[in-house]
Amino acid sequence: MEILDTIYNEIVGFLGITQVWEILKTSDYSAFKTFDGIVSLIYPIIPLLLILELILGLIYKKPHAKVYKVNFLIYLFNRILGRFIAIAMVTYIIGALQPYAPFQVGITWYGLIYGYIIWEFGHFIYHYLAHKVRLFWCLHSTHHAPEDMNLSVTHAHFFLEGPYADTIRTTICIMLGVKPELLFLIMFIDGTYGAFIHIGENLLKDARLGFLNKIILTPSHHRVHHARNPLYIDTNFCNLLNIWDKVFGTFQDEQYDIDIEYGITRKIDSGSFIDVYFGEIIVLAKDVFNAPGIKDKLLYLVMPPGWSHTGEHQTAKIVRDAYIKTNT
Ligand SMILES: [Zn+2]
Ligand SMILES: [Zn+2]
């Protein structure tokens, strides 16, 4: 019955209840008062919200079936791949770079603030490049393909995106003195909040979170980030603290009079796993193949999506600037 065991473990793992289950089995409930105990209670929150969202979708008859189906397939595919590919990127970078850090900041209240600001900077750099360098966009576009927003989008990622993101984020954090234990705490907070900002309208209609919308990055800001509307495209790259979007001029608030259109600008079959997962790689390969010389072929890899060797560029910047010019 090995297969049943595997399925059972996969479900328990997906629900994030492995640690809670271990504590419950010991009958020592005081463990819930420890740091690990609290963390064990936070893990299941997003999976449970995801299931609640799915149930509400069925009740409201807004099931977004296509998106759930493809995101479920992506989750399975990444889980199976993950079994064969063990990427120890984070551990390797910490070991290799920590000796070169000019100073070390650990877990203190000011350390957490400093570490988070640095982490967000690393996140901004990774995310900005993921949108502005065509090759990296191939790794990130899977996350933007869904044409609805709900918590299952959290699982929509190309399998190499995590290693790419963590290489940049970990390098920046370690080189700027964030101690590994602080980095892991931030990764946990950020992972949980980063999942939460994908909450759909079935659970949270207005995602501005009141006054918080002025202070931090809310699910409303991340909905804007997932939109292909000309005003919204390529904005709000941060995750929890949106200081760097404000510093670098990529901040955009949700407008009451603009309906969000989720997805990417290329016409895709968002119900097709192949198109969602590999679609941008296929069109990039075609563009490289059709480009006239070696220079243009290489430029396709590093220029922003929408760049063309013919000069008829349709990059996000051109589209957004043109929209702002005609609408202000
Ligand atoms: Zn993005
Ligand atoms: Zn997202």
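A residue is termed buried at under 20% relative accessible area, exposed at over 50% and partly exposed in between (1.4 Å probe, protein chains only). By this criterion, aspartate 166 and arginine 169 are both buried in the predicted model. These two residues form a salt bridge, with their closest N and O atoms 3.0 Å apart; a salt bridge denotes a side-chain nitrogen of Lys or Arg within 4 Å of a carboxyl oxygen of Asp or Glu. Aspartate 166 and arginine 169 are separated by about one helical turn because they lie 3 residues apart in helix α9 (residues 161-175).

The whole structure contains 12 salt bridges. One of them joins arginine 134 to aspartate 287, with 2.8 Å between the closest N and O atoms. This pair connects distant parts of the chain, 153 residues apart: arginine 134 belongs to helix α8 (residues 134-144) and aspartate 287 to helix α14 (residues 273-290). Arginine 134 is buried, at 6% relative accessible area, whereas aspartate 287 is partly exposed, at 26%. Aspartate 275 and arginine 266 also meet in a salt bridge (3.3 Å, N to O). Here aspartate 275 is buried, with a relative accessible area of 19%, and arginine 266 is partly exposed, with 22%. A network of salt bridges links Glu147, Arg228 and Glu261.

Overall, the protein comprises 16 helices and 0 strands, assigned as DSSP runs (H or I, at least four residues, for helices; E, at least two, for strands) and numbered from the N terminus. Of its 328 residues, 46% are buried.

Local features required pLDDT of at least 70 and side-chain atom pairs pLDDT 80 or more, whereas totals for chains, interfaces and linings use all residues. Residues are numbered from 1 along each chain as its sequence is written, chains are lettered from A and ligands numbered from 1 in the order in which they are written, and side-chain values use heavy atoms, without hydrogens and water.
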